Amino acid sequence: QLVESGGGSVQIGGSLRLSCEASGRPFSSSVMAWFRQSPGKEREFVALIRWHSGTTLYADSVKGRFTISKVNAERTIYLQMHSLKPEDTAVYYCAQGSHYDSAPSAYFRWGQGTQVTVAS
């Protein structure tokens with residue numbers, strides 16, 4: 001089970017931190033990722049992190065503004081978001097997969113999503 005939290009409304013240029021607490025299936029070989037989806041658009045890759053090595057990958061649109069991290073002991077991953085823009089408004093989803101891949105199809109478990117709204 002993946003449970004996201006931390007969404008909300010923020011002004012342009014503001015910051016938010018999303019959390020995803022994971023339970024159940026073993027994580028040592030997993031890849032954890034954040035995706036987002038806004039109305040009328042396809043689900044979009046944001047960032048991923050390898051659970052074992054901590055290797056990360058970011059979408060160009062968030063590089064330099066967002067940081068993905070993990071705390072192994074807590075089985076939790078975070079998405080720290082700075083300099084938020086209106087185009088960052090979306091439902092953000094946490095996902096678990098087995099491969100270093102930015103495609104949503106590579107992920108077999110998803111959280112319920114948390115809304116992020118960046119107001120102008």
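**Rings around tryptophan 110**

Arginine 43 lies over the face of tryptophan 110, 4.7 Å from the ring centre. This is a predicted model.

Me: Which other ring has the charged end of arginine 43 over it?
Reply: Tyrosine 93. The charged end of arginine 43 sits 3.8 Å from the centre of the tyrosine 93 ring.

Me: How is a pair of aromatic rings described?
Reply: By two values: the distance of the centres and the angle of the planes. A search of the whole structure gives five aromatic pairs. Take phenylalanine 35 and tryptophan 110. Their ring centres are 5.0 Å apart and their planes are at 55°, so this pair is tilted.

Me: Which strands hold phenylalanine 35 and tryptophan 110?
Reply: Phenylalanine 35 is in strand β4 (residues 31–37), and tryptophan 110 is in strand β10 (residues 107–110). The pair therefore ties together parts 75 residues apart in sequence.

Me: Is phenylalanine 35 buried or exposed?
Reply: Buried, at a relative accessible area of 0%. Tryptophan 110 has 26% relative accessibility and counts as partly exposed.

Me: How are the rings of tyrosine 93 and tryptophan 110 placed, stacked or edge-to-face?
Reply: Edge-to-face, because the planes are at 80° and the cut-off is over 60 degrees. The centres are 6.4 Å apart. Tyrosine 93 comes from strand β9 (residues 90–97), so its pair with tryptophan 110 in strand β10 ties together parts 17 residues apart in sequence. Tyrosine 93 counts as buried, at 14% relative accessibility.

Me: Which residues form the aromatic cluster?
Reply: Phe35, Phe45, Tyr93, Tyr107 and Trp110 form one cluster.

Conventions. Residues are numbered from 1 along each chain as its sequence is written. This is a predicted model: local features need pLDDT of at least 70, side-chain atom pairs count only at pLDDT 80 or more; totals for chains, interfaces and linings use all residues. Side-chain values use heavy atoms; hydrogens and water are left out. Rings of Phe, Tyr and Trp (its six-membered ring) pair if their centres lie within 6.5 Å; planes under 30 degrees apart count as stacked, over 60 as edge-to-face and the rest as tilted. Helices (H or I, at least four residues) and strands (E, at least two) are DSSP runs, numbered from the N terminus. Buried means under 20% relative accessible area, exposed over 50%, partly exposed in between (1.4 Å probe, protein chains only). A charge sits over a ring if NZ of Lys or CZ of Arg is within 6 Å of the ring centre and within 35 degrees of the ring normal.
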